[in-house]
Every structure is written in structure tokens, then in C-alpha cells.
Amino acid sequence: MKKSIILALASSLALAACQSQEAANVENAADNQADAIDNQADNIAAAGDNATDAISDNTANVADALENKADAVRAEGEAKADAIDAKK
């Protein structure tokens with residue numbers, strides 16, 4: 001595996017040595033543009049992750065509030081039942 005990596009690097013360097021400055025400039029410009037597009041994709045993915053996290057947090061908060069409300073209704077029902085039994 002190390003030999004194949006070394007051969008690939010050597011081939012790249014050999015080809016780069018044969019490339020004209022104009023061709024190198026075109027290739028570098030394309031690489032820079034591709035890097036910028038990759039950065040945009042990363043930013044969009046990060047924004048999506050942030051939105052997902054926010055929705056998840058909000059959903060958990062709503063679920064917690066509903067569970068608290070259910071607990072309160074249960075407690076109120078138990079208190080009313082206890083009050084009825086206490087009158088007997």
C-alpha cells in the first residue's frame with residue numbers, strides 16, 4: 001500500500017512538472033471554486049443540523065410540558081377522589 005501511495009505521488013509530481021503555467025492556473029482556479037462549493041455544502045449541512053437540533057429541543061420541551069400537565073390532571077383527580085372518600 002505504501003508503494004502505491006508513493007507511486008501515485010511521484011506520478012502527480014511528474015505530471016505537474018509537465019504542465020504549463022496557464023494550465024496550472026486553470027486547474028488551481030477550478031480547485032478553488034470547487035473548494036468554495038464544498039464549503040457552501042458544509043455550511044448548509046451545518047445549518048440543517050442546527051435546525052434539526054432546535055426542532056428536537058422544542059419537541060422535547062413540548063413533550064415535557066404535556067407530561068407535566070398529565071401529572072397535574074392525575075394529581076387533581078386523586079385529590080378529588082380523596083376528598084369524596086373523606087366525606088363518607
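Predicted model: local features only at pLDDT ≥ 70, side-chain atom pairs only at ≥ 80, totals over all residues.

How many residues apart in helix H2 are Lys 80 and Glu 76?

I begin with the overall picture. The protein has 88 residues, and 1% of them count as buried. Its secondary structure consists of 2 helices and 0 strands. Helix H2 covers residues 21–87. The accessible surface of the protein is about 7,700 Å², and carbon and sulfur atoms account for 59% of that surface.

I now return to the opening question. Lys 80 and Glu 76 are 4 residues apart in helix H2, so about one helical turn separates them. The two residues form a salt bridge, in which the closest N and O atoms are 3.3 Å apart. Glu 76, with a relative accessible area of 46%, is partly exposed.

How many salt bridges does a search of the whole structure find? The search finds 2. Arg 74 and Asp 71 both belong to helix H2 and lie 3 residues apart, about one turn of the helix. Arg 74 counts as exposed, at 52% relative accessibility, whereas Asp 71 is partly exposed, at 45%.

Which residues form a negative surface patch? They are Glu 27, Asp 31, Asp 35, Asp 38 and Asp 42. Glu 27, one of these residues, is located in helix H2. Is Glu 27 exposed or partly exposed? Its relative accessibility is 40%, and therefore Glu 27 counts as partly exposed.

To close, I would recall two features: the salt bridge between Lys 80 and Glu 76, and the negative patch that includes Glu 27. Thank you for your attention.

Conventions: Residues numbered from 1 in each chain as written. Heavy atoms only, no water. Patch = residues over 30% accessible without salt bridge, like charges linked within 9 Å, V, L, I, M, F, W, Y side chains within 5 Å. Areas by Shrake-Rupley, 256 points an atom, 1.4 Å probe, with all protein chains shown as cover. Salt bridge = Lys/Arg side-chain N within 4 Å of Asp/Glu carboxyl O. Lys, Arg positive; Asp, Glu negative; His and termini not counted. Charge placed at Lys NZ, Arg CZ, Asp CG, Glu CD. Buried < 20%, exposed > 50% of the residue type's maximum accessible area, 1.4 Å probe, protein only.
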